[in-house]
Amino acid sequence: MIKYLFNRQIIYFVLILVYLNSCNGQVKTKSTDDLKNTTTIGTTKLVKSQGSYFSNNVHCSLKDKEGNLWFGTTGDGVYYYDGELFTQFTARDGLSNNSVYSILEDKVGNLWFGTGDGLYKFDGKEIVAVPLEITNSNNILTNNPNSKITVGAMMQSKDGRLWFGTSEGVYIYKDNLFSAFLNNEHIVNKNGLQLNSVERILEDKNGNIWFCSGMGGGEGVSRYDGKFITNYKPNGDVWVPYILEDKAGNIWFSGRTNGYFRYDGKTFTDFTENLPFSPIVEDTTGTICLKEKVDFGPILEDKTGHIWFTGKMSRFGGSGGIWRYDGKSCTNFTQDGLEDYQVWSMVEDKAGNIWIGTNNTGLYRFDGKTFTDFSEKASK
């Protein structure tokens with residue numbers, strides 16, 4: 001059942017025309033019948049329809065090839081933004097789960113959604129499930145309808161293969177077939193890594209594949225060079241939910257509890273001490289201790305090469321919000337209220353604005369000077 005924003009038919013018709021004319025990206029809706037499969041149509045803000053809670057997040061975001069934005073939430077499905085209006089896709093539109101942890105656009109323009117209950121593909125017309133289940137000893141996928149697999153990470157490598165990080169390990173998708181990555185006798189895995197609960201996958205400029213371990217995985221970061229898997233736990237972090245390769249080839253990691261670090265191809269460097277929310281302090285007795293648990297968030301490189309960081313530690317000096325690193329120093333940007341939220345995702349739009357996804361299914365746009373709230377909030 002559609003939740004109509006306007007009741008008067010003429011206004012609804014105008015909204016449909018605006019949507020169809022502006023949607024030149026992946027949502028190739030041709031008729032009002034197609035639009036009627038969506039939960040909300042033509043809203044100027046990210047309107048929640050599933051009764052989500054303060055703990056729900058705008059967990060992931062993507063700018064597609066046409067410059068349209070996609071936002072995956074943990075409770076309200078997926079939102080598509082064409083630059084003017086939001087359209088929401090939920091279980092009513094083909095997803096079996098409204099918690100979306102990852103979004104990928106492949107080379108031919110399909111959108112892939114990784115959810116708390118499997119994998120889905122959107123070809124611009126319909127959302128369909130792509131069965132992905134655990135493998136048996138013969139590396140054959142079995143179909144267990146009672147199992148639920150969370151797909152937390154997705155990546156398409158240069159050779160066209162799709163990589164999926166799930167609660168049951170890493171899978172590779174090629175020629176419409178899945179294979180378990182670790183079920184390969186040619187891989188040297190001296191640490192016996194399981195690569196469960198991988199939250200990010202990245203292929204660097206040299207062709208190495210990086211896996212970032214999520215909550216429950218406990219394996220830090222791992223690099224696959226085509227034969228060997230090498231494991232790292234820089235700063236002692238075992239939960240590393242974010243990774244970024246910058247234009248210079250440096251790889252940045254966000255450890256969930258111990259901060260940011262940068263890898264130049266040889267050495268890991270702790271970058272957290274350069275930021276004002278460094279959790280490490282020296283107390284009056286000379287003891288080095290944690291100032292407070294800091295929730296370190298995503299990393300983004302903008303068009304100008306600036307690196308953006310996030311972190312929540314508002315109890316000490318209101319240090320929430322986002323930071324921009326210009327190669328020499330960091331500048332903090334925030335506003336009243338934003339520092340109370342943990343940032344879960346960031347994406348830059350084609351105009352250079354930074355979109356920030358937070359808990360409470362919050363969404364903000366930062367134009368370099370002003371934060372604009374684009375979400376309907378739930379009470380704490």
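Author: The count of salt bridges comes to two, where a salt bridge is a side-chain nitrogen of Lys or Arg within 4 Å of a carboxyl oxygen of Asp or Glu. The model is a predicted one, in which local features need pLDDT of at least 70, side-chain atom pairs count only at pLDDT 80 or more, and totals for chains, interfaces and linings use all residues. Residues are numbered from 1 along each chain as its sequence is written, and side-chain values use heavy atoms, with hydrogens and water left out.

Lys-247 lies in the loop between E18 and strand E19 (251-255), whereas Glu-301 belongs to strand E25, so the pair ties together parts that are 54 residues apart in sequence. Strands here are DSSP runs of E with at least two residues, numbered from the N terminus. Glu-301 has a relative accessibility of 15% and therefore counts as buried; buried means under 20% relative accessible area, exposed over 50%, and partly exposed in between, with a 1.4 Å probe and protein chains only.

The other salt bridge is formed by the side chains of Arg-161 and Asp-159, with 2.9 Å from N to O. Arg-161 is partly exposed, its relative accessible area being 26%.

Methods. Helix = DSSP H or I, 4+ residues; strand = E, 2+ residues; numbered from the N terminus.
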